[in-house]
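This briefing walks through one protein model, topic by topic. Keep the structure open while reading.

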Amino acid sequence: MTRPKLLDLFCGAGGAGMGYLRAGFEVVGVDIAPQFDYPGVSIIADALDFAADNWREFDAIHASPPCQASTALTKGTNKGREYVQLIPETRRLLRATGLPTVIENVQGSDLRRDLTLCGEMFGLGVLRHRYFEVSGLEAVAPAHKPHRGRVRGWRHGTYYDGPYVAVYGAGGGKGSMAEWQQAMGIDWTDDRKAIAEAIPPAYTEHIGWQLATHLTASTAA
Ligand SMILES: C[S@@+](CC[C@H](N)C(=O)[O-])C[C@H]1O[C@@H](n2cnc3c(N)ncnc32)[C@H](O)[C@@H]1O
């Protein structure tokens with residue numbers, strides 16, 4: 001049987017894309033910037049323009065619109081800057097395709113929280129809660145596990161120790177590249193900015209297996 005084909009919008013270096021690859025999908029990523037480390041086929045284009053013209057080539061779509069308009073880390077510093085909020089337009093376009101779709105974004109974003117995934121659910125070294133709005137299939141999250149401690153690093157002049165790594169920003173005490181890669185489960189890129197924007201592939205692998213089962217069942221019906 002041929003592999004199902006997934007369109008990965010706003011693909012970055014492929015944190016999300018790698019999860020779907022591991023779940024057996026053929027993956028095509030689209031990003032406005034070149035993504036040399038992307039683990040599938042990558043295309044440089046505006047994500048929504050590309051999706052509008054090409055969605056019929058795919059069995060399912062994932063989208064991770066830029067989160068700067070929503071994230072708590074930048075909300076305080078967003079004053080005076082204009083971040084485009086792409087979630088509503090992404091949702092409209094994906095819904096119109098009628099395909100099974102997944103939209104992912106940060107905590108605090110304006111997404112339906114069909115699943116909220118956390119690194120501890122997958123034994124990772126990051127907490128990194130993310131919302132997933134899943135349409136066209138039922139997907140379930142693993143049970144949430146209690147956090148084992150703090151995110152280690154400096155905050156307001158105090159150093160906190162703990163089992164989790166802070167994978168964001170460029171400030172001091174944020175962890176080495178090897179720590180970031182291990183904590184996220186990402187070993188195919190050492191692009192710090194791309195990893196800071198990525199999700200752990202374990203999240204989309206978890207959803208990807210459910211999506212693959214759904215597509216197989218729909219084909220058989
Ligand atoms: C949150 S990151 C994606 C991270 C990715 N899902 C991962 O897990 O590695 C958002 C990406 O959207 C890209 N981007 C921003 N505006 C875009 C647009 N209009 N079309 C395509 N990509 C865009 C950025 O270059 C960035 O790589």
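The model is predicted. It holds 7 helices and 9 strands. The radius of gyration is 17 Å, close to the 17 Å that the globule rule gives for 221 residues, so the protein is as compact as a globular protein of that length.

**Overall build**

- Along the principal axes, the C-alpha atoms fill a box of roughly 55 × 40 × 30 Å.
- Buried residues make up 42% of the 221 in the protein.
- Of the contacts with a separation of 6 or more, 55% are between residues 24 or more positions apart.

**The sheet**

- Seven strands form an open sheet, in the order β3-β2-β1-β4-β5-β7-β6, and the pairing is mixed.
- The edges are β3 (41-44) and β6 (115-117); each has a single partner strand, so one side of each is left without a neighbour in the sheet.
- On average, neighbouring strands of this sheet are turned by 20 degrees against each other, direction ignored.
- Helix α2 (residues 47-54) packs on the sheet and touches β1, β2, β3 and β4. The direction of α2 makes about 155 degrees with that of β1.
- Strands of a sheet pair through backbone hydrogen bonds, either parallel or antiparallel.

**Parallel pairs around β4**

- Strand β1 (residues 5-9) runs parallel to β4, with 4 bridges between them. Leu9 stands opposite Ala63 of β4.
- Strand β5 (residues 101-106) is also parallel to β4, joined by 3 bridges. Here His62 stands opposite Val102 of β5.
- In a regular strand the side chains alternate between the two faces of the sheet.
- In β4 (residues 60-63), Ala60 and His62 point one way, while Ile61 and Ala63 point the other way. All four of these residues are buried.

**Antiparallel pairs around β7**

- Strand β7 (residues 130-135) is antiparallel to β5, with 6 bridges joining the two.
- Asn105 has Tyr131 of β7 as its bridge partner. Val102 stands opposite Val134 in β7.
- β6 pairs with β7 in the antiparallel sense over 3 bridges. Leu115 stands opposite Phe132 of β7.
- In β7, 5 of the 6 residues are buried, so the strand is largely enclosed by the rest of the structure.

- Is Asn105 buried or exposed? Asn105 has 24 other C-beta atoms within 10 Å, and a residue counts as buried at 20 or more, so Asn105 is buried.
- Asn105 and Val151 are 46 residues apart in sequence. In space their C-alpha atoms are 20 Å apart.

**The ligand shell**

- How many residues surround the ligand? The shell has 19 residues, and the closest are Phe10, Gly12, Gly15, Ser64 and Ala198.
- By class, the shell has 12 nonpolar, 4 polar and 3 charged residues.
- Helix α1 (15-22) and strand β2 (26-31) each supply at least two residues of the shell.

**Ala23, between α1 and β2**

- Ala23 lies in the loop between α1 and β2. Ala23 counts as buried, with 22 C-beta neighbours inside 10 Å.
- Leaving aside residues up to four places away in sequence, Ala23 touches Glu205, Gly208, Trp209 and Ala212.
- Ala23 and Met184 are 161 residues apart in sequence and 17 Å apart in space, C-alpha to C-alpha.

**Two loop residues with positive phi**

- Most residues other than glycine have a negative phi.
- Phe10 is not a glycine, yet has a positive phi of about 60 degrees. Phe10 sits in the loop between β1 and α1. With 22 C-beta neighbours inside 10 Å, Phe10 is buried.
- His156 is not a glycine either, and its phi is positive at about 50 degrees. His156 belongs to the loop between β8 (153-155) and β9 (158-160).
- His156 has 4 C-beta neighbours inside 10 Å; exposed means 12 or fewer, so His156 counts as exposed.

Technical notes: Residues are numbered from 1 along each chain as its sequence is written. This is a predicted model: local features need pLDDT of at least 70, side-chain atom pairs count only at pLDDT 80 or more; totals for chains, interfaces and linings use all residues. The radius of gyration is taken over C-alpha atoms; the globule rule is 2.2 Å times the number of residues to the power 0.38. Two residues are in contact if their C-beta atoms, placed from the backbone, lie within 7 Å. Two strands pair if DSSP finds at least two bridges between them. A residue is near a molecule or strand if its C-beta atom, placed from the backbone, lies within 6 Å of it. Ala, Val, Leu, Ile, Met, Phe, Trp, Tyr, Cys and Pro count as nonpolar, Asp, Glu, Lys and Arg as charged, and the others, Gly among them, as polar. Axes are lines fitted to C-alpha atoms, for helices over the stretch in contact, and angles run from 0 to 180 degrees between N-to-C directions.
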